[in-house]
Amino acid sequence: MDLKLEVVVLPVSDVDRAKDFYAALGFRLDVDYVGDDGYRVVHFTPEGSGASILFGDGVTTAAPGSVQGLHLIVEDIVAARAELAARGVDISEVFHDAGGVFHHAGETARVAGPHPKRASYGSFATFTDPDGNGWALQEVTERLPGR
């Protein structure tokens with residue numbers, strides 16, 4: 001049985017502000033539906049992604065900004081970080097983890113710059129949306145077997 005993650009629901013406090021933010025990132029707007037009683041669904045897909053995000057009014061009871069650890073996979077961390085910064089995103093500098101594997105939570109064990117060997121899965125940059133939902137860019141140049 002195939003199980004495909006296709007949509008992640010993000011809790012936001014201001015739908016129009018979030019819509020403007022994700023549009024500025026270059027995500028494709030798929031749906032902006034307004035229903036009865038203030039119900040609203042906004043759906044975006046990052047360029048090249050098989051998974052999308054969804055937010056709105058009446059779509060989740062989670063606290064705005066409570067989703068953390070969303071990863072956008074990129075082939076060139078330096079170029080992707082520069083592009084997002086040019087789009088006005090407040091994004092961290094590129095870093096790698098002192099342990100050489102996946103990054104720790106928060107800013108613990110961050111080492112400035114890309115992974116010294118530019119190892120696949122080893123370099124990151126982080127940012128948040130206006131509500132504090134946390135995102136990371138992760139450089140993947142070679143997939144592990146089975147991916």
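Me: What covers the buried residues of helix H2?

Reply: This is a predicted model. In it, the cover over the buried residues of H2 includes E5, strand E8 (124-128) and E9.

Me: Which residues of H2 are buried?

Reply: Helix H2 spans residues 77-86, and its buried residues are Ile 77, Ala 80, Arg 81 and Leu 84.

Me: Where do these buried residues fall, seen down the axis of H2?

Reply: Start with the general idea. An α-helix has 3.6 residues a turn, so residues three or four places apart point the same way. Now the case here. The buried residues of H2 fall within an arc of 100 degrees seen down the axis, so they line one face of the helix.

Me: Next, strands. How should I read the two faces of E5?

Reply: In a regular strand, side chains alternate between the two faces of the sheet. Strand E5 covers residues 70-74. Leu 70, Leu 72 and Val 74 make up its covered face. His 71 and Ile 73 make up the uncovered one.

Me: In which sense do E5 and E9 pair?

Reply: E5 pairs with strand E9 (residues 134-139) in the parallel sense, over 5 bridges. Take Val 74 as a case: its bridge partner in E9 is Glu 139.

Me: What is the strand order in the open sheet of 4 strands?

Reply: The order is E1-E4-E3-E2, and the pairing is mixed. Strand E1 (7-9) and strand E2 (28-34) are the edge strands, each pairing on one side only. From one strand to the next, the twist averages 20 degrees.

Me: How do E2 and E3 pair?

Reply: E2 and strand E3 (residues 40-45) are antiparallel, with 6 bridges. Leu 29 stands opposite Phe 44 in E3. Val 34 has Arg 40 in E3 as its bridge partner.

Me: How many residues lie between the strands in the hairpin of E2 and E3?

Reply: There are 5 residues between the strands. Look at Asp 37, which lies in the loop between E2 and E3. Its phi is near 60 degrees, a positive value in a residue other than glycine. Asp 37 is also exposed, with a relative accessible area of 85%.

Me: On to the other partner. How many bridges join E3 and E4?

Reply: E3 and E4 pair over 5 bridges, in the antiparallel sense. Val 42 has Phe 55 in E4 as its bridge partner. These two strands form a hairpin with 6 residues between them. In the turn, Gly 48 has a positive phi of about 80 degrees.

Me: Is E3 covered on its faces or uncovered?

Reply: Both faces of E3 are covered. Arg 40, Val 42 and Phe 44 are buried on one side. Val 41, His 43 and Thr 45 are buried on the other. In total, 6 of the 6 residues of E3 are buried, so the strand is largely enclosed by the rest of the structure.

Me: Which helix lies across E2, E3 and E4?

Reply: Helix H1 (residues 15-24) does, across E2, E3 and strand E4 (52-57). H1 runs at about 10 degrees to E3.

Me: Which residues is Thr 45 in contact with, leaving aside neighbours within four places in sequence?

Reply: Thr 45 is in contact with Phe 27, Arg 28, Asp 30, Ala 51 and Ser 52. Distance along the chain is another thing to read. Thr 45 and Ile 91 are 46 residues apart in sequence, and 20 Å apart in space from C-alpha to C-alpha.

Me: Now the rings. How many aromatic pairs are there in the whole structure?

Reply: A search finds 11 aromatic pairs. Consider Tyr 22 and Phe 27. Their ring centres are 5.5 Å apart and their planes are at 35 degrees, so this pair is tilted. Both residues are buried.

Me: Which residues do ring pairs link into a cluster?

Reply: The cluster holds Phe 21, Tyr 22, Phe 27, Phe 44, Phe 55, Phe 127 and Trp 135.

Me: What sits over the ring of Phe 95?

Reply: The charged end of Arg 110 sits there, 3.9 Å from the ring centre.

Notes: Residues are numbered from 1 along each chain as its sequence is written. This is a predicted model: local features need pLDDT of at least 70, side-chain atom pairs count only at pLDDT 80 or more; totals for chains, interfaces and linings use all residues. Side-chain values use heavy atoms; hydrogens and water are left out. Two strands pair if DSSP finds at least two bridges between them. Axes are lines fitted to C-alpha atoms, for helices over the stretch in contact, and angles run from 0 to 180 degrees between N-to-C directions. Contact means heavy atoms within 4.5 Å. Rings of Phe, Tyr and Trp (its six-membered ring) pair if their centres lie within 6.5 Å; planes under 30 degrees apart count as stacked, over 60 as edge-to-face and the rest as tilted. Buried means under 20% relative accessible area, exposed over 50%, partly exposed in between (1.4 Å probe, protein chains only). A charge sits over a ring if NZ of Lys or CZ of Arg is within 6 Å of the ring centre and within 35 degrees of the ring normal. The arc is that of the directions from the helix axis to the C-beta atoms.
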